[in-house]
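Welcome, and please open your viewer. We will go from one selection to the next and see what is there.

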Amino acid sequence: ARGMRVRMQVRNAMMRKRALWSGEKMRIKSVCVFGSINMDLRAETPGTLPLAGRGVATTDVGRFTAAPGGKGANEAVSLARLGVLTHLMGRVGRDDMGRSLLRHLQTVGAGRLNLQGVRYQEGVATGVAVQVVSNADKQKLALFCAGANGCVSERDVEEASFLLSESTVNLLLLQLEVPMSSIMAIATEARERGCIVALKAAPLTADVLLHVHDLLNFPSLDLLFLNEWDAPMLIGSSEKPLVTVKQAERAAETILS
């Protein structure tokens, strides 16, 4: 009996989704972005990057910037600026960077960005993405420290699920900078509620590759966004990066087959 109820719920959800996609325009009332919130730290030097275990001493001034980031936060801000009512779900540390990020998001949200789903994580720092860039040889070192993003859990999934069921949200937007278990869970919840589920599969790493395939095979995804480097990785192709339309078409056909 329970299995029959679940099948009926999924069937009804798919019927609502087909109705949403019908017509000339998608009727997107509001969006839930379930993802990362970071501070991006970037250091640029006119010289070369150091070798492992060594430092670089220079009298050049260089350039250091700290800017709000995170794939989830960036996408939420962009949607809000386009006039779309957007709900951001995620975590920041209870520290100076976390408070600064929330103030920034409140300022740039254009009155269309709901931050009630962003929670402070006690005892863990706000996530950061660190880049060191050499202007001499155009090389870059990058390191992502998930911090509070890595603490997104079942509680956040429950809050997002409540939002999906009690509001006008009909599009869920995901990325890969929070724990994969939470991404899988909220994608499943959204699917059962008839929401459109979109995934920007980045950063795509070997650790999450199998889970992305699971999302595609379930299927829990309606929209998948891949860049020219991640698409070959997803399908196990040696063509890296994709540089022609024909290569992109072959990759798409492989993913959909």
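Is strand β9 (residues 196–200) mostly covered or mostly uncovered? Mostly covered: 4 of its 5 residues are buried, meaning under 20% relative accessible area with a 1.4 Å probe and protein chains only. Strands here are DSSP runs of E with at least two residues, and helices are runs of H or I with at least four, numbered from the N terminus.

A word on the model: it is predicted, with local features needing pLDDT of at least 70 and side-chain atom pairs pLDDT 80 or more, while totals for chains, interfaces and linings use all residues. Residues are numbered from 1 along each chain as its sequence is written, and side-chain values use heavy atoms, without hydrogens and water.

Leu173 stands opposite Ala198 in β9. Follow the chain from β8 through helix α5 (residues 180–192) to β9: this β-α-β crossover is right-handed, so with the strands pointing away from you the path over the helix runs clockwise.

Now select strand β10 (residues 223–225), joined to β9 by 3 bridges and running parallel. Look for Leu199 opposite Leu224 in β10. Helix α6 (residues 206–217) carries the chain from β9 to β10 in another β-α-β crossover, described as right-handed.

Finally, move to the open sheet of 4 strands, ordered β3-β2-β6-β7 with mixed pairing. β3 (63–69) and β7 (140–145) are at the edges with a single partner strand each, so one side of each has no neighbour in the sheet.

Methods:
Two strands pair if DSSP finds at least two bridges between them. Buried means under 20% relative accessible area, exposed over 50%, partly exposed in between (1.4 Å probe, protein chains only).
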